[in-house]
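Subject: Structure for you to look over

Dear colleague,

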Amino acid sequence: MSRDAVRWAELSMSRKRDVTFVLEEAKQKMEETVKDYKLIFEKEGVYLHTNAKKTVQETGIPGFIRIVERAGVPALEWSPLEDEGHSTPAVLYSRKDGEGGEEDTNFDPGYEPDWAVISTVKKDREHAQVKDSGQWAFSLPLSELYSLRRARFSLGRNFMVLTSRGGYPLPPLHFHRGGTRELLRALQHYIILDQSPVDGRLFLAYPRDSNSAAFPQSFDKLQILEDGGSDIVSRFIHDPYATTFGGFSKVTNFFRAALRPPETSVMRTNQGPGLPSQPDDEPGFELITCGVELGPRPAVTRGRALDQWEEFLDSEGRVKEPQKVKELVFRGGITPSLRKEVWKFLLGFYPWKSTSTEREDILRVKTDEYFRMKVQWKSVSEEQEMRNSLLRGYRSLIERDVNRTDRNNTFFSGNDNPGLTLLHDVLMTYCMYNFDLGYVQGMSDLLSPILFVTQNEVESFWCLTGFMELVHQNFEESQEAMKQQLLQLSILLKALDPELCDFLDSQDSGSLCFCFRWLLIWFKREFSFEDILTLWEVLWTQLPCDNFHLLIACSILESQRGELIGSDHDFNTILKHINELTMKLDLQTVLREAEAIYLQFVCCKLIFFGQLSSPVSDAVQLGGFFLILSIFGHLL
């Protein structure tokens with residue numbers, strides 16, 4: 001045998017040994033996997049509804065829900081029928097891609113991409129992540145399950161929304177063949193489900209070793225009444241969100257443990273904590289209340305526009321009754337001929353108590369200050385700007401936005417329009433005034449109506465700064481204010497129309513992301529230009545509450561419930577329908593309904609305190625009730 005033949009024979013034998021070793025190793029791993037894998041619960045006919053841009057038929061994916069143990073670690077898993085037999089399931093998020101917090105460039109928010117995300121916010125993810133293999137399936141360790149919300153809307157379909165401790169909700173799971181109660185019972189072998197005092201459909205998940213005995217049994221250990229305080233209500237008013245979802249849930253557990261009779265505790269243990277007994281297989285899904293049922297919504301009428309101004313001024317030019325002026329503006333708006341003057345008071349350019357002489361001085365000082373700031377950016381040479389990427393970026397954004405802002409309005413139409421130059425210069429000067437914030441897309445929409453009314457560069461600038469004092473947090477990089485407002489809107493809508501909320505949840509639209517643009521620029525793109533002038537002056541009065549714009553959003557959403565509920569709408573078509581409301585809404589109807597909603601809540605407040613009956617009900621009702629009232633600002 002030749003030397004080469006010997007070498008090939010040796011190489012062939014080596015490869016056979018390698019293959020044999022790999023096969024034996026794979027077989028051993030498979031045996032270990034089978035040994036470590038234990039199926040605890042399985043239910044088919046569970047559909048996952050995605051918000052992927054696919055056909056309507058593809059947005060509901062049939063599959064299995066399972067509770068499994070892998071190496072002794074329990075997990076909740078869902079996998080589609082088509083993936084049966086594949087490897088470890090995973091989840092695909094539509095907005096953020098897992099670990100790095102990088103933005104998914106394929107995500108379409110349903111409105112202008114400029115406004116989808118003001119700035120990407122990256123978060124540290126310390127919790128174990130939902131496994132990702134590029135499929136819609138997911139595997140979530142039960143130790144990482146933060147909450148689940150179960151509900152049923154008018155069509156009778158039961159669904160459940162799971163949220164991980166990282167704060168990421170999974171797509172809704174629809175139980176077309178029932179089985180939610182069996183799933184909850186199986187889950188309770190591993191975790192404790194504690195009903196939220198704010199939303200009867202929401203259950204917070206705790207590890208099984210965190211039983212009721214482990215909860216602190218005194219207010220000192222609860223650490224929510226710091227500094228010796230004992231007024232829970234005042235904490236709700238100061239910080240209702242942290243109180244409700246943090247410490248106050250512990251207070252509710254404390255009350256329950258202290259006041260529940262022993263026999264009741266045993267009975268509840270048999271069926272699982274937090275789960276009401278039901279005669280049938282499927283649970284009767286509970287709806288949120290604000291502590292008491294909302295009464296009938298009162299009828300509201302609008303008033304006449306403010307058409308007299310001189311009669312409100314004294315001999316020195318002071319406004320005699322600022323509150324009455326605001327009430328008239330709220331009730332009917334302002335006559336166009338008076339807007340130029342009254343807006344300067346509403347937006348803080350002039351103090352309400354200033355005299356005519358003082359206002360002349362204010363205008364002179366403000367004019368000098370404005371042009372000093374304008375000179376700062378005007379004097380920057382092209383060479384200097386090349387080394388200032390921030391200023392260069394602001395200028396680029398402003399020039400792009402100015403060329404597409406309200407071009408149908410005669411004040412801004414055509415090329416080389418002086419109105420466009422003013423729009424550009426005021427926005428550039430605002431960057432000098434507030435360089436930390438600078439310019440963010442959408443701010444041109446706030447300035448254009450002000451510039452149209454004042455038709456004065458200096459006055460429009462200072463009125464813009466007053467407007468930005470009200471909404472500047474909308475444009476901050478963290479987006480925390482926008483997230484908070486969407487949360488507030490969700491809470492209000494749940495109290496007003498639980499059925500509509502259930503429907504939106506079932507179509508993965510419960511986040512109300514389609515309202516983002518409404519809140520960002522105060523409905524600027526939803527109403528006609530003339531209507532926006534009226535709407536904004538109504539909102540600038542800050543009557544009847546600080547967050548009246550949220551009630552306007554509720555009014556619009558409620559007006560569309562008939563179109564949405566009972567229809568074939570999914571996530572994409574809901575988004576499309578809401579966006580197509582632009583220029584189709586009647587402002588006066590929306591304002592009447594928004595005020596009626598406010599009065600409905602006020603009536604609820606007036607009768608609320610006479611209906612508290614026990615410490616437990618007090619705790620639970622105060623949780624939801626003050627959370628809602630606090631949204632209105634200084635309502636109490």
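In what follows, a residue is called buried when its relative accessible area is under 20%, exposed when that area is over 50%, and partly exposed in between, as found with a 1.4 Å probe and protein chains only. Please keep in mind that this is a predicted model, in which local features need pLDDT of at least 70 and side-chain atom pairs count only at pLDDT 80 or more, while totals for chains, interfaces and linings use all residues. Residues are numbered from 1 along each chain as its sequence is written, and side-chain values use heavy atoms, with hydrogens and water left out.

Salt bridges

A salt bridge is taken here as a side-chain nitrogen of Lys or Arg within 4 Å of a carboxyl oxygen of Asp or Glu, and by this rule there are 28 salt bridges. One of them joins Lys 374 to Asp 425, with their closest N and O atoms 3.2 Å apart. Because Lys 374 belongs to helix α10 (residues 356–378) and Asp 425 to helix α13 (residues 418–433), this pair ties together parts that are 51 residues apart in sequence. Lys 374 and Asp 425 are both buried. Helices here are DSSP runs of H or I with at least four residues, numbered from the N terminus.

Arg 70 and Glu 77 also meet through their side chains, at 2.8 Å from N to O; Arg 70 is partly exposed at 25% relative accessibility, whereas Glu 77 is buried at 4%. Between Lys 576 and Glu 580 the closest N and O atoms are 2.5 Å apart, and Glu 580 counts as partly exposed, at 37%. A network of salt bridges links Lys 340, Glu 341, Lys 344 and Glu 459.

Helices α9 and α19

Helix α9 covers residues 336–346, and its buried residues include Arg 339, Trp 343 and Lys 344. Among the elements that cover them, by contact (heavy atoms within 4.5 Å), are α8 (322–332), α10, α15 (457–471) and α19 (529–540). Just after α9 comes Gly 348, with a positive phi of about 80 degrees.

Helix α19 is itself mostly covered, as ten of its twelve residues are buried, including Phe 529, Trp 536, Glu 537 and Trp 540. The expected span of a helix is 1.5 Å times one less than its number of residues, so the twelve residues of α19 should span 16 Å, which agrees with the 17 Å between its end C-alpha atoms. After α19 comes Gln 542, whose phi is positive, near 55 degrees.

With best wishes

Note on methods. Helix = DSSP H or I, 4+ residues; strand = E, 2+ residues; numbered from the N terminus.
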